[in-house]
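Hi,

Here is the structure I promised to pass on.

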Amino acid sequence: MSSTLAGWLQVGLLVAALAACYVPLGNYIAKIFTTNQHWRVERAIFKATGINPDVDQGWGQYLRSMLAFSAVSVLLLYGMQRLQGYLLSFVGPHMAAVPANTAFNTAVSFTTNTNWQNYSGESTMTYIVQMSGLAVQNFMSAAVGLVVAMAMIRGFVRSRTGTLGNFWSDVTHAVVRLLLPLSVIGAIVLMAGGAIDNFASYHTITTLSGAHQTIVGGPVASQEVIKEMGNNGGGFFNANSAHPFENPNPFTDIFEIFLLLLIPFATPRAFGRMVKDNKQGYAIVAIMAIIWVVAVAGLSFFEAHTATGGAATIAAGHAAEGTEVRFGTPACSVFAASTTLTSTGAVNCFHDSLTPFGGGIALFDMALGEIAPGGIGAGMYGILILAIVTVFVAGLMVGRTPEYIGKKIRPTEMKYAALYFLTIPVITLTAAGLSIATKVGQSAIFNPGPHGLTEVMYAFVSEANNNGSAFAGLGTAATWYQTLGGVVMLLGRFAPEIFALGLAGSLARQSPVPASAGTLDTRTPLFVGMVVGVILILVGLTYFPALALGPFAEGLH
Amino acid sequence: MAVTTTPQTGPEAGKPAGTEQRRIGSGLLDPKILWNSLPAAFKKLDPRVQLRNPVMFVVEVGAAITTYTAIFDDKQPAFNWTIVVFLWLTVVFANLAEAVAEGRGKAQAETLRRTKRETVARRLIDWRPGQTGTREEEVPGTQLQLGDHVVVEAGEIIPGDGDVVEGVASVDESAITGESAPVIRESGGDRSAVTGGTKVLSDRIVVHITSKPGETFIDRMIALVEGAQRQKTPNEIALNILLASLTIIFMLAVITLQPMAFYSGAPQSLVILVALLVALIPTTIGALLSAIGIAGMDRLVQRNVLAMSGRAVEAAGDVNTLLLGQDRHDHDRQPPGNRVPAGGRRVRRGTCQRRAAVVHGRLHPGGPLHRRAGQGEVRSAGAPGGRVARGRVR
């Protein structure tokens, strides 16, 4: 069987598995966020924390709860890393305190669901910090993203009320009913596939050639599963999903791709179910699927064809450099496209070694704003806002106020939507422009020419969109990139969430508009095509100059 | 804020209604209007005016920068000056579209005023009820006073608002109400009120003028047209927000292009950057926004409906609760099938004396009439004597 065929079979298997999960998982998510019942364990949590889970919060209150929760998470994570040498070293190898800059960058990175890492997990973090700090944030940041999406959907469902639900209740439900049970199952599957999960310290062994090699243990599988499923991407090891202990074989590889696509692709169903029109969910999932399939096909094409690669590529017959030979080029291409489209950022191959156009697609995927299918929750609210923009552009000046899912798109809504899609490009371009223009930014670029430019763009696009995958080849451990990167990640996560919640609050206050002859039907292929077009044009024009000077210049050289 | 029907104006105004579907153009592409609007278009080059439209403001600033560069930079003069000319033309044409929009309101008011001036009233001197052979004099419609009596015969236009005090006539009120069937107006009772600008089709009536000069129905319409400023519609405001944010993004994309281009060893000239920016930002929509607004109003004018602003057009488009008013006399004339449904309710008893039915996306017979406080308001100026029925729009 040729490797191309194997790649397409993988994609086919993924599509089948995701399609099978779409309805049951989507319905389950909708049920979690519409029920008023609390499980016993949830009631115990509410009692212990003194939370009243049945108070409906307005969007401001919901937002403040979310920001407060995240702020505490950042501080806690920062503290744990700084104090790990004293407090948290009793299992596994002993580690010194993480340097302040790295600790800040990492704390922000894990709380914002970015999981940008400029440290090697196995030689920087103790097992306790990995388990009770980083992995916990993997759950929490995923839950936060998901509940913001649910609050946004409630904005469409609810009428003449300012309330969007209860943040604390939502987060608890998300973790207890969705993320934890799925993670337990997933971790067992991964361990069955060969991923490790133990508290063993370093083993130093002598290889056949007589050299010494250090083998690291650790609670890997339990962190690996939420890393993929929560679209976090922060690996236990520096090599991430290319490490045999995280991702031992082709089966675990495709299982991990499945995990990272699972919830984002099922959320549109929950949306359709909550707004009581499943076809709306199908339209959204179709938009996501089209972009995903095209990106996978494009990336696979450029990785499999040597013409646009470098000299080494032509000699090898395919773009072998930096790929993981255990999986092969096609599996790496599918993984690379999926991880950059979902804000996961886990990698099973070296993105810096992708062909210029292949790497360009990975960069473009992230620049789309993580909406196809996007990060857990973040993809949903992102695509809903783009759908609103599309409805507005399509219904431009027809002489009535356009509407989406029975809610009018008035200047207030448009203001929030515009601020939402304005934020990320502004942050990205400003940070990248500053880094390229200044000495301190340039000095960390190891590769000259267009490739170096792509590396800088990739770093900030990845951080601003909370993806977290790295192009490498850039000295991101420099203070400039650590600090600026931290700020970019914070803004890239929370500014859009503020606008999304504000939009949701504004929608929830409206009364529903009955659909009429003047209403654009948002369940049709026409609308799907229009949204895809709006997304591509918006992103294409924004990043075209940078893409032209980076990947295009390199690929066409 | 109002949508009202205009009286028919011009030479065809005297023809019986219903014989000819006449459409009035707004004269958007009338060379005369374009020419007259040209000075206003240049006046609008003032940056303080341009600031209201961020997209065109950016283009104007870009045009100024390229002009400066073209003057002081000797490299590639042909290219630079071409760009300069194109940029300035873009700004001026955008202004022209808006100037035409503003000039239109004035032109309409002028047409209305001319109608009024040209109407000749046959005033009766010292008229007493039942008296015949009273002396009459011809005065312009504008000079009629409260309490005057005028005589109107078949084929003549009623010169002012008032009550019929003698005779019976069929009156074509289509200019005001849009209703093509003539109505009967007679002295005494409820059917005595007539409106200036409507036309007597048969017989002869004497009308007692009940409005002061300058306060007739047509006068109020003229005031509305003249006072109507080009208000931005809610959609236009939302669109402006979208365009402004796109402009910001693309400005950043171009600004950050330069350091990247430097890094890549290919710095670009200022003129090229400005040209790229203008190509990226939504210049076309930004420039034509006001023209799009006019197109909407133009459509209504073609159907003999006068929209004071694009805002009114949109308010009308957003109607999903409609109060269908029916004049009681007309109601009595209706065939039974057209009668207001049983759920209809009386609105504002004593003011309009109308029956109304509520039509809704899902029919709410007998539901509360004023369901929600609205954002906009639609008026139909159909009531005799200039009484106005209001419908609330959600």
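A word on element names before anything else: helices (H or I, at least four residues) and strands (E, at least two) are DSSP runs, numbered from the N terminus. With that in hand, Asn240(A) sits in the loop between helix H8 (221–229) and helix H9 (250–274) of chain A.

Now the housekeeping. This is a predicted model, where local features need pLDDT of at least 70, side-chain atom pairs count only at pLDDT 80 or more, and totals for chains, interfaces and linings use all residues. Residues are numbered from 1 along each chain as its sequence is written, while chains are lettered from A and ligands numbered from 1 in the order in which they are written.

Most residues other than glycine have a negative phi, and most peptide bonds are trans. Asn240(A) has a positive phi of about 55° without being a glycine. Asn240(A) counts as buried because 27 C-beta neighbours lie inside 10 Å; the cut-offs are 20 or more other C-beta atoms within 10 Å for buried, 12 or fewer for exposed, and partly exposed in between, with C-beta atoms placed from the backbone.

Asn466(A), not a glycine either, also has a positive phi of about 55°. Its loop is the one between H17 and H18 of chain A, and Asn466(A) is buried, with 32 other C-beta atoms within 10 Å.

Then there is a cis peptide bond between Ala372(A) and Pro373(A), with omega about 0°. Pro373(A) belongs to the loop between helix H13 (356–367) and H14 of chain A.

One more loop residue is worth a click: Ile196(A), between helix H7 (167–193) and strand E3 (203–206) of chain A. Ile196(A) is buried too, with 21 C-beta neighbours inside 10 Å. Leaving out residues up to four places away in sequence, Ile196(A) touches Gly217(A), Val220(A), Ala221(A) and Phe245(A); contact here means C-beta atoms, placed from the backbone, within 7 Å. Asn247(A) is 51 residues away along the chain, yet the two C-alpha atoms are separated by 9.4 Å.

Helix packing in chain A

How do H4 (residues 100–111) and H18 (residues 479–509) of chain A cross? Their axes come within 9 Å and cross at roughly 25°, the axes being lines fitted to C-alpha atoms over the stretch in contact, with angles from 0 to 180 degrees between N-to-C directions. H4(A) and H18(A) are therefore roughly parallel (under 35 degrees; over 145 is roughly antiparallel, 65 to 115 roughly perpendicular, the rest oblique). On the H4(A) side the contact includes Asn101(A), Phe104(A) and Val108(A), and on the H18(A) side Gly485(A), Gly486(A) and Met489(A) are among the residues involved. By class, this contact has four nonpolar, nine polar and no charged residues. The classes are Ala, Val, Leu, Ile, Met, Phe, Trp, Tyr, Cys and Pro as nonpolar, Asp, Glu, Lys and Arg as charged, and the others, Gly among them, as polar.

H6 (residues 127–157) and H14 (residues 378–394) of chain A pack at about 35°, their axes 7 Å apart. Gly145(A), Val148(A), Ala149(A) and Met152(A) of H6(A) meet Ala378(A), Met380(A), Tyr381(A) and Leu384(A) of H14(A). That gives seven nonpolar, one polar and no charged residues.

Chain B

Chain B has eleven helices and 16 strands, and 40% of its 394 residues count as buried. Six of its strands make an open sheet with antiparallel pairing, in the order E3-E2-E4-E10-E5-E8; strands pair if DSSP finds at least two bridges between them. Strands E3 (136–140) and E8 (193–194) of chain B are at the edges with a single partner strand each, so one side of each has no neighbour in the sheet.

Further in, E4 (residues 149–153) and E10 (residues 204–209) of chain B are joined by five bridges, and His149(B) stands opposite His208(B). Four bridges join E5(B) to E10(B), and two join E5 (residues 162–166) of chain B to E8(B). Gly162(B) is a handy landmark: it faces Val194(B) in E8(B) and has Ile209(B) as its bridge partner in E10(B).

Where the chains meet

Across the interface, 34 residues of chain A contact 32 residues of chain B. The largest share of the chain A side, 13 residues, comes from H15(A). That side divides into 23 nonpolar, eight polar and three charged residues.

Cheers

Definitions and conventions: Two residues are in contact if their C-beta atoms, placed from the backbone, lie within 7 Å.
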